[in-house]
Amino acid sequence: MWTKLNKLLIPDPRFKTTELEEGIEYEFRVCAENLAGLSPVSKVSETTVARDPCDPPGTPEAIDITRNHVTLQWTRPQYDGGCLITGYVVERRKHPDTRWMKASFTNVIDTQFTITGLTEDCIYEFRVIARNAAGILSAPSQSTGEITAKDEIEAPEATMDPKFKDMTVVHAGETFVIDADYTAFINVRVLDSPSAPTNLEVKDVKKNSVSISWEPPLIDGGAKISHYIVEKREQKRMAFTSVCTNCLYYFRVLPVNELGVGLPASTEAVKVSEAPLPPGKITLVDVTRHSVSLSWEKPDHDGGSKITNYVVEMQPKGDDKWTICSEIKALEATIDGLTTGEEYSFRVIAVNDKGRSDPKPLATPVVVKDITIEPIFNLLFNTYSVKAGDDLKIEVPFKGRPQPEVSWKKDGQVLKQTTRVNVLTSKTASKIVIKDATKDDVGKYEITLTNAVGTKTAEISVIILDKPGPPSNIKVDEVSADFISLSWDPPTYDGGCQINNYVVEKRDTTTTTWQIVSATVARTSIKVSRLNQGTEYQFRIAAENRYGKSHAIDSAPIVAQYPFEPPGPPTNLHVAHATKYGMQVVWGRPASDGGSPIIGYHIECKDQSSILWTKVNRGLLAENQFKMTGIEEGLLYQFRVYAENIAGIGPCTKASEPVAARDPCEPPRNLQVTNITRTSVSLFWERPEYDGGAKITGYIVERKELPSGRWLKCNFTNLQETYFDVTGLTEDVQYDFHVIAKNSAELLSVPSENTGPITVKDDVDPPTIILDDKLRQLMVIKAGEIIRIDADITGRPLPVVSWFKDGKEIEAKARCEVTSTNFKTTLIVRDVIRRDSGQYVLTLQNVYEYRAEDPQFLPSPPAKPKIIDSTKTTVTLSWNKPLFDGGSPVTGYRVEYRKTFDDEWTVGVQNTKNTEFTVVGLTPGAEYVFIVKSINKIGASEPSPETDRQVAKEREEEPVFDISNEMRKTLIVKDGSSFTMTVPFRGKPVPSVTWTKADVDLRVRAVIDTTDTFTSITVEKATRNDSGKYTITLSNVAGTSSVTLNVRMVVAESPTTWWKLWRKARRNGSSVV
């Protein structure tokens, strides 16, 4: 951006600008103004860097002057302008001309330079300009003054040193100078290494030695020859080494004196050889009724001389004489004229100019007869590839005897020969020739050889390198208002090489112009964005490989729009709980939300005998359950539910199963195991305390094999008694049991408490006695009243019950009655008299004998319990352990509750070991009080003090932010980066969270993630527009809370000073420039 420098008109044609930033490059332009207005701007000036100029170099001096050149020398500048001096410019001025001209046309780095091309006897002046690394030129140095280009003349003078009067000895390579001012003779002797020896001859050559002779060199170099060096070189090497025996050599001899090694004398090539080694492996190639064909390998060593030929000898069986049958230079031979059925031995001898090798025999003798060979392929390649349009030749060598028949197939079909496709078959090979290959020639080619011995088949793959076929099966994966996601299948024909990329194009169906979406799609899918909502588009896709681009495949027209539709019906609709006052209906989310989140549900109900459905809910139901009240006891009700999203209300569910408006009966109580054998378990239980308003008509006993079995029915007929023998069990397997009650309204209770793991085996349990707490203390009975002692008993096998008084067993008499069952025993003494006073003892006996010895005290009750949480149907209590455990460890606690205005207590839990418990199944909106009892071996304590009154409703806590002062500080973010703000909170019920920012829809600009305890926002590639205040609002029924967080973007401004000098920046990047 250009910035105006002057505030007022400038009358002069120059202007000085100040406060530039050092190191920044600047350009300038000027425009003129008259009464008519402003002129066009001038051309832009050269780029200028704002730096101090460097000092000029020192005054140059002429250190050498001739008629056509001058050599100058100068000193470096004292100040380099803050940058390294990178060179100098030398200028000259020829008198009488007043203009300075460049004398150096390359960068001068040194402080010395020679100016050439001067005119003799002309007068010149010179000066130097320095240049630094910033490209800044200094002011010119001072001139050298006038310099005349001419040679300097001096008179000749010569003298001679007296040392040259005697013999002068100089080593070769040294330089000596003779100065003389008169004519003289000087003797000079040069010392050097000797010349080459003469008459070098090779006199005797043997297979491992050579004799060489020579004469001394003609020039000894001024010193005596001390010795000679003899070297040899193999023919294949260029370096000379010390002498050793081998094949073909060059030899040379070098004389040596005290001044060094002299010149060499060399021989011609000397051949050292011997008879070769025997040939390599001999192979039997072919046998007929009159001939044998052999082949062999070359010898491992030819003896240092070329093999001239091979001699093949044969020996018939029973003959001691070897006969030459062939002399040949090749590595194979065919011996004809043999006798059918005769056995022959063969051997081969190699021959060179030094003689014959030892013979190499064929491993086994050969019987001369016709042989059969199964067809054999000699495939060179299994795969052939060729560019489309080129010719392809596939040659398959083979052998077999008798001569096999050849047939070709392509992709399982007989190969048809055409003008392009031809098959040529000889005795040893078959060849396919395909002219102008196309992609139709791609496939599997099968060659089959058949003769009397067998059949062989080989498969050859042919690949035609060409541009690929088009993709197929374009699928629309996702459609939205501004994007469409597509996918497709790769081409069935890839052109013989990898698909590099796909080219995707689009067009508005109202036009015929295609626009490229992307030409570098690597995968078979793409998301086409930046579409216009409601516009119909068509897409086409082409594949591309290294050989070109395929034809394109077109998609069907697609409209860019939101894919919303009404949701499907909810799932798993059922009545979870029913009473005579109400029913709780529960359902699952629809399998399909129609592409838009479910915003709520509608529920309808009807009497089973009616056809009229009635809407139950007034507003949208946000939860997946509904409590129906105001129903008529005894009637059967059915329900159906609709889901709703932004697109509308979807179809309803199927009607639920009819459910009667009755209280459910309670489960059977006190389920006990009375006996166990290796195949059965005997159970006993008590009737439910409440039958649901209808008579109990039977029971269902279920068992589960531990640890991972399913609950299975044990009785398949109606069971009316409160006991049952489960038979057909497996010995040593653990089972669990429970019982379900059924009333006349056909309602089933929930299962009773489980028996716990029971191992099926003949087992013995010691007998136990459970007495009421008051019976363990002193009993005071008035004369004439009744003594009644009830005791619960257990034991396996069933124990024998005995009652004793003062050590004597009590017998049943007129006043005394003893009644015993499998689980209980009772002693009754009527019309008591004084002698009935004393100690009564109950004894149970089976394999063991047990007499109860229980603690003497009950534990104290816990302190007043506290309410720590509540919902619509639950309340959670906590309490402390009792101060006194009664002399026996506290084994658990009993929790009881009642409505505030009721007198009857309900047991929430019979026995829990924890000091915290959640009571469930409460009536929403009802007010309750709770008590807790401690339990030890003796029994349950007195109840604790009642809790404060508590209404069964959701506990409400006003939403609060859990953020520190550090989090409230302004968040500084660099322009172009990403940032995330995470804000923890709490509240009950869980509050709804809303992020807002002025003039911005954060749901589109950012990614917002919210859980029950925190919310976060993430902004990618932040810009100046993302600066500002972000407000988070929490809201629930208890209240609303908000907090504002500040974000400031820091933008890195350019280091230029245009803005500072001429005009303030429009934006400062939220930081001081």
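Glu689 is exposed, at 61% relative accessible area (exposed means over 50%, buried under 20%, partly exposed in between; 1.4 Å probe, protein chains only).

Glu689 sits in the loop between strand 57 (681-686) and strand 58 (696-705), and Arg669 in strand 56 (residues 669-676), so the pair links parts 20 residues apart in sequence. Strands (E, at least two residues) are DSSP runs, numbered from the N terminus.

## Basis of the values

This is a predicted model: local features need pLDDT of at least 70, side-chain atom pairs count only at pLDDT 80 or more, and totals for chains, interfaces and linings use all residues. Residues are numbered from 1 along each chain as its sequence is written, and side-chain values use heavy atoms, leaving out hydrogens and water.

## A buried pair

The structure holds 27 salt bridges. One of them joins the side chains of Glu91 and Arg127, at 2.8 Å from N to O. Glu91 belongs to strand 7 (residues 85-94) and Arg127 to strand 10 (residues 123-132), so this contact ties together parts 36 residues apart in sequence. Both Glu91 and Arg127 are buried.

Arg788 is partly exposed at 48% relative accessible area. Asp790 is partly exposed at 29%.

Elsewhere, salt bridges with shared partners join Glu313, Arg347 and Arg356 into one network.

Conventions. A salt bridge is a side-chain nitrogen of Lys or Arg within 4 Å of a carboxyl oxygen of Asp or Glu. Helices (H or I, at least four residues) and strands (E, at least two) are DSSP runs, numbered from the N terminus.
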